[in-house]
Amino acid sequence: MPDTNPSNTFGALMIDGARLLRRRFDQRARALGLTRAQWNVLSHLYRNDGINQAGLADLMEVEPITVGRQLDRMEEAGWIARRPDPSDRRVRRIYMTPQAQGVLDQLRELSRDIYAEALQGIAPDVREQLMTSLARIRNNLSGRAEEAPSSQAPPSEASLEEVSAGN
């Protein structure tokens, strides 16, 4: 007979797992002086350094004003720098600072540790099957063409971006 406990439904397990990953990351990243939201910004900038605020907001699936306030705090803390666009003086480009680049390896290590903790006791073949299944769920719900996840265990820091996107 299937388990009908509401806390063991598919949705509850997905939500609780994501919430617990975010909470664990927040606890561990605090020591580096970053929040999960700031890590999310840095992870997008790592792949898109020099992007403008509207483009960054689009990537993060939030409103530009939300990103703007986050960027203000991060600029004050020395994590990012805004510079004028050479071809359009109305636009400011966003760049990671050396301080932010220096902490990325620590964040990646932190992410690997958290995933290792989360996946403890799960065999590598089951991990790969889990990643494939989660990618299928994401693709089913987003309407994206089928994408197979890379076969790596534990998941990369890119996976944390997706988890942390639900800030």
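## Helices α1 and α5

In this predicted model, the contact between α1 and α5 is formed by L21, R24, F25, R28 and A29 on the α1 side, which meet L107, L110, D113, I114, Y115, E117 and A118 of α5. Sorted by class, the residues of this contact comprise eight that are nonpolar and four that are charged, with no polar residue among them.

As for the geometry, helix α1 spans residues 10-29 and helix α5 spans residues 98-118, and the two pack at an angle of about 140° with their axes 10 Å apart. Because of that angle, α1 is oblique to α5, and the crossing in which α1 passes α5 is right-handed.

## Helices α2 and α3

Helix α2, made up of residues 36-48, and helix α3, made up of residues 53-60, have axes that come within 11 Å of each other and cross at roughly 115°. Since angles of 65 to 115 degrees count as roughly perpendicular, α2 is therefore described as roughly perpendicular to α3. The crossing of these two helices is right-handed.

On the α2 side the contact is made by N40, V41, H44 and N48, and on the α3 side by L56, L59 and M60. This contact of α2 with α3 contains four nonpolar and three polar residues, whereas charged residues are absent from it.

## Helices α3 and α4

Helix α3 also packs against helix α4, which covers residues 64-77; the axes of α3 and α4 come within 8 Å and cross at roughly 110°. The two helices are therefore roughly perpendicular to each other.

The residues that make this contact are Q53, L56, A57 and M60 from α3, together with P64, I65, V67, G68 and L71 from α4. Divided by class, the contact of α3 with α4 has seven nonpolar residues and two polar ones, and no charged residue takes part.

## Aromatic rings and charges

Two arginines are placed over tyrosine rings in the model. The charged end of R83 sits over the ring of Y95, at 4.2 Å from the centre of that ring, while the charged end of R108 sits over the ring of Y46, at 4.6 Å from its centre.

As regards pairing between aromatic rings themselves, the structure holds one aromatic pair.

Definitions and conventions:
Residues are numbered from 1 along each chain as its sequence is written. This is a predicted model: local features need pLDDT of at least 70, side-chain atom pairs count only at pLDDT 80 or more; totals for chains, interfaces and linings use all residues. Side-chain values use heavy atoms; hydrogens and water are left out. Rings of Phe, Tyr and Trp (its six-membered ring) pair if their centres lie within 6.5 Å; planes under 30 degrees apart count as stacked, over 60 as edge-to-face and the rest as tilted. A charge sits over a ring if NZ of Lys or CZ of Arg is within 6 Å of the ring centre and within 35 degrees of the ring normal. Axes are lines fitted to C-alpha atoms, for helices over the stretch in contact, and angles run from 0 to 180 degrees between N-to-C directions. Helices (H or I, at least four residues) and strands (E, at least two) are DSSP runs, numbered from the N terminus. Angles under 35 degrees count as roughly parallel, over 145 as roughly antiparallel, 65 to 115 as roughly perpendicular and the rest as oblique. A crossing is left-handed if the near helix is turned anticlockwise from the far one by less than a right angle, and right-handed if clockwise. Contact means heavy atoms within 4.5 Å. Ala, Val, Leu, Ile, Met, Phe, Trp, Tyr, Cys and Pro count as nonpolar, Asp, Glu, Lys and Arg as charged, and the others, Gly among them, as polar.
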